[in-house]
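Biologist: I would like to learn how to read a few features of this model with care. Could we start with a pocket and then move on to helix packing?

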Amino acid sequence: LYLLLFELCHWAGCLWLLAADLSTHYYQFGVSWRWNDQYHYSGFAVDYDAFYGVGYTRSIYWAASVMSSIGFPDILPTNPVEYVVIILVMFFGYLMFNTLLGAIATMIGNFNREKREFNQKVERIRDLMEFTLLPTAIEARTIRYYEYLWARYEGVNESEVLKSLPRTLRSDVIHQVVGPLFQKIPFFQSCSEPLEYFILEMFESRVFLHGDALMIAGDIGNDMFIIEKGNVIVTSADRSIVYARLSAGDYAGESSLLESRPRAASVFAVGYVDTYFVTNEKFEKVS
């Protein structure tokens, strides 16, 4: 937007320079704003030969002063051509200039409002945790979770947004977001397109903090997950052995969708991890 404002000043300044040339060379007026600026303004003469671009610089200065309605009016029109140009620039340029400034103010205001509402929500949660005397470690992890949600999604609740969409549109959005990850899983590669859309609607997003357990060895498995962003480690039950490291696009637990049995390994988040989960209960609807 700032570059756009400067470009607006640039074109207005170029028009102002053109007005000076047209006044003296085409319409044969004896003076122009540039001639007046160079020789006859209150005893102060601008040296247009001091360096290259003095005329352009002065015209930009004039354009910014006129369109923003600030600045000292030391460059004035001297003939009808320049009066016409200044009327056009003052009318259209001033409106456009202030419209862009208003857009900037509105954008900043909306951003601050959303951030303020999100902060108020976090403060209410903090007050609740202090009221219930939760340990400081749990409070800190909760605050870090909400800070990550703001940094990642700027407070947008993905589930609520998807629920507000019509089913067909929601299916298309989910397919575009999760589909590329889903299609890499051999377990689902034989699915038809309608079945794929149906299964994808069952996935729900979950966010995990560093050290959170996605799966625990020995627990009865009833879900699987796909990693959208982040990294996890697959370990033994006592976490002494690391079997594998999974990253974006990897998955685990697909066998639990067909048969609920104890997990053979544990999975822990390394840093923040965004995932999509589907439970055995939802998957049974397919069959």
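Biologist: How many nonpolar, polar and charged residues are in the lining of the second largest pocket?

Modeller: This is a predicted model, in which local features need pLDDT of at least 70 and side-chain atom pairs pLDDT 80 or more, while totals for chains, interfaces and linings use all residues. Residues are numbered from 1 along each chain, and side-chain values use heavy atoms, without hydrogens and water. A pocket is an open set of points on a 1 Å grid where a 1.4 Å probe fits, with protein on both sides within 12 Å along at least five of seven lines, and lining residues have an atom within 4 Å of a point. Here the lining has eight nonpolar, two polar and six charged residues (Ala, Val, Leu, Ile, Met, Phe, Trp, Tyr, Cys and Pro are nonpolar; Asp, Glu, Lys and Arg charged; the others polar). Of the 16 lining residues, Ser159, Leu162, Ile174, Glu201 and Phe203 lie nearest the centre, and helix H7 gives the largest share, five residues (helices are DSSP runs of H or I, at least four residues).

Biologist: At what angle do H7 and H8 pack?

Modeller: Two packed helices are described by the angle between their axes and the distance between them. H7 (residues 167–182) and H8 (residues 193–200) pack at about 95°, with axes 9 Å apart (lines fitted to C-alpha atoms over the stretch in contact, with angles from 0 to 180 degrees between N-to-C directions). H7 is therefore roughly perpendicular to H8 (65 to 115 degrees).

Technical notes: Helices (H or I, at least four residues) and strands (E, at least two) are DSSP runs, numbered from the N terminus. Angles under 35 degrees count as roughly parallel, over 145 as roughly antiparallel, 65 to 115 as roughly perpendicular and the rest as oblique.
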